[in-house]
Amino acid sequence: MTERTLVLIKPDGVARGYVGEILSRIERKGLTLAAMELRTAPTSVAAEHYAEHEGKPFYPGLLEFITSGPLVAAVVEGPRAIAAFRQLAGSTDPVAAAAPGSIRGDLATETQRNLVHGSDSTESADREIGIWFPELG
Ligand code: RTP
Ligand code: MG
């Protein structure tokens, strides 16, 4: 079944020059781009996006990091796109958990600076696409 997921190439991914590498992995998997934009997120957008983490110890640093420079926001679609992109991304901790072969496992070392975000459920995808691309709603 075709799904849509919200993908972010976080500011570390843009700063390190991995936009092409990450988009290439998405395309090689067989997923396609429905929308994409380079932008610097205002704190209000970042806070809405990461609302589920409000109050956690890493939340202030997460907001500071995600708003620290340009990121790529994209809507990615294809069969089982949500799970497919989570598999490409790898687990949250790039060293202790993410498998080699995944974006995080291959290219990152820090849990906060883990290069990408992908929606974790259909509900999250609908909510996050509404935040970043309200015109697609
Ligand atoms: P994301 O939402 O960014 O796709 O990542 P995720 O689902 O794999 O991880 P999640 O639990 O939703 O955490 C969101 C982001 O917060 C940062 N984080 N830091 N202990 C920590 O320092 C910590 N835990 C999470 C990461 O950037 C993570 O991707
Ligand atoms: Mg998450």
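This is a predicted model: local features need pLDDT of at least 70, side-chain atom pairs count only at pLDDT 80 or more; totals for chains, interfaces and linings use all residues.

Modeller: Beyond four places in sequence, Val76 has contacts with Thr5, Val7, Ile26, Leu31, Leu33, Ala34, Ala81 and Phe85. Val76 is also among the residues with the most contacts inside the largest nonpolar core, together with Phe85, Leu115 and Val116; that core has 30 residues.

Biologist: Which element gives the most to this core?

Modeller: E3 does, with six residues. Elements giving two or more residues include strand E1 (2-9), helix H2 (19-29) and strand E3 (71-79).

Biologist: Why does Thr92 count as exposed?

Modeller: A residue is exposed at 12 or fewer such neighbours. Thr92 has 12 C-beta neighbours inside 10 Å, so Thr92 counts as exposed. Thr92 is placed in the loop between helix H5 (81-89) and helix H6 (103-107), and its contacts beyond four places in sequence are Ala97, Thr111 and Asn114.

Biologist: What makes up the shell around ligand 1?

Modeller: The shell divides into two nonpolar residues, seven polar and one charged. Among the residues around ligand 1 are Phe58, Thr92 and Asn114. An unreviewed UniProt entry lists Phe58, Thr92 and Asn114 under "binding site", its list also including Lys10, Arg86 and Arg104.

How values were computed
Residues are numbered from 1 along each chain as its sequence is written. Chains are lettered from A and ligands numbered from 1 in the order in which they are written. A residue is near a molecule or strand if its C-beta atom, placed from the backbone, lies within 6 Å of it. Ala, Val, Leu, Ile, Met, Phe, Trp, Tyr, Cys and Pro count as nonpolar, Asp, Glu, Lys and Arg as charged, and the others, Gly among them, as polar. UniProt positions are given in the numbering used here, feature names are shortened, and annotations may be inferred rather than shown by experiment. Helices (H or I, at least four residues) and strands (E, at least two) are DSSP runs, numbered from the N terminus. A residue is buried if 20 or more other C-beta atoms lie within 10 Å of its own, exposed if 12 or fewer, and partly exposed in between; C-beta atoms are placed from the backbone. Two residues are in contact if their C-beta atoms, placed from the backbone, lie within 7 Å. A nonpolar core is a set of buried Ala, Val, Leu, Ile, Met, Phe, Trp, Tyr and Cys residues joined through C-beta atoms within 7 Å.
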